[in-house]
Amino acid sequence: MLVSGRRLLTALLQAQKWPFQPSRDMRLVQFQAPHLVGPHLGLETGNGGGVINLNAFDPTLPKTMTQFLEQGEATLSVARRALAAQLPVLPRSEVTFLAPVTRPDKVVCVGMNYVDHCKEQNVPVPKEPIIFSKFASSIVGPYDEVVLPPESQEVDWEVELAVVIGKKGKHIKTTDAMAHVAGFTVAHDVSARDWQMRRNGKQWLLGKTFDTFCPLGPALVTKDSVADPHNLKICCRVNGEVVQSSNTNQMVFKTEDLIAWVSQGCHPDWDPPRCRCIQETSCVSQGRLAKRKESKGPKAWQAWLRLEKYRLVWMCVCLTEGLTPSWPALLQKGDEVQCEIEQLGVIINKVV
């Protein structure tokens, strides 16, 4: 269920609202091509550019992003050499882009995290992060189709900034958080609002995690290639019409705060009015469920979960409460959704 590469290239260039500029930034991709066997690892030669086959440059390199990042500086130094060399570039129309990260340990999401959208909807800005999740099985490539499930009549879109965790950790301090980040990418958070808001006891998970509900890509842009992840234009278009437009400078909770929060629940260095220990909650600690009641002293900040490598953490743009069946932008078969973030790229998904 892949859209034609040539047609996608045309749509991509038409969608680009910020000038195309070839760059020497590190833009890692996973891709396939007709003349290659299986997935390969590559470098996107700038936002919207062609692909350098890293495995052809150095056949000893792994062919998946997970294995590549696991080797750390050793493989990154090879990619830098490839980027600096004059290597053959595969035309974008001749490759199939895969999600830059597939089957991560967890996909951790953050709701209502943009100030302007909270004000627009006349709801209070959250005092602490609102965390939900998707299953990793919902991840598809940046130009793959989104399949409308017959079980839902209320499917819509959201553009997200996704953070790829490259170094595992627990009880991470805010000041140390960026050391755990491998890079950033664009995510399309597709949601079945009827299942999210009215079914399944109003738990969000099932409405967020149907198959194909997490297109991702086109590249993992390493953190040193992004000048300021908290000052990027971000927008979503449906059939060419802008339906979301903001800037990551509107985030309520920044990347560092969210990584610290997710890795330990609540840190004593946080401002107490914004950070309250939950009196009783189901906690996830190293993969097991456990009950915890509020306590005084250091035990009040037990970790909810460990941040493993290649986990995704993203910061949702749009309010996800109060939507009704009359919401005017529900997706229909034949629609095309474009999610774009400045410096990171654009992903395009046809709805079927």
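Start by selecting Glu336, which stands opposite Lys350 in strand β19. What you have open is a predicted model, in which local features need pLDDT of at least 70, side-chain atom pairs count only at pLDDT 80 or more, and totals for chains, interfaces and linings use all residues. Residues are numbered from 1 along each chain as its sequence is written, and side-chain values use heavy atoms, with hydrogens and water left out.

**The hairpin**

Now show residues 336-341, strand β18, together with β19: the two run antiparallel and are joined by six bridges. (Strands here are DSSP E runs of at least two residues, helices H or I runs of at least four, numbered from the N terminus; two strands pair if DSSP finds at least two bridges between them.) Three residues lie between the strands of this hairpin, and Gln343 takes a positive phi near 75°.

Next, colour residues 345-350 by burial. Five of the six residues of β19 are buried, so this strand is largely enclosed by the rest of the structure. Buried means under 20% relative accessible area, with a 1.4 Å probe and protein chains only.

Centre on Leu331. Setting aside neighbours within four places in sequence, Leu331 is in contact (heavy atoms within 4.5 Å) with Leu148, Val155, Asp156, Trp157, Val238, Val337 and Val351.

**The pocket**

Move on to Ile130, Ile131, Phe132, Ser133, Phe135, Asn200, Lys202, Gln203, Trp204 and Leu205, which line the second largest pocket. Strand β6 (residues 130-134) gives the most to this lining, with four residues. On a 1 Å grid over the protein atoms alone, a pocket is an open set of points with protein on both sides within 12 Å along at least five of seven lines, and lining residues have an atom within 4 Å of a point. The volume of this pocket is about 370 Å³.

**The whole chain**

Finally, zoom out to eight helices and 19 strands. Of the 352 residues, 56% are buried.

Technical notes:
Buried < 20%, exposed > 50% of the residue type's maximum accessible area, 1.4 Å probe, protein only. 1 Å grid on protein atoms, 1.4 Å probe; cavity = no way out; pocket = protein on both sides within 12 Å on 5 of 7 lines; lining within 4 Å. Points joined across faces, edges and corners; volume = space filled by probe spheres on them.
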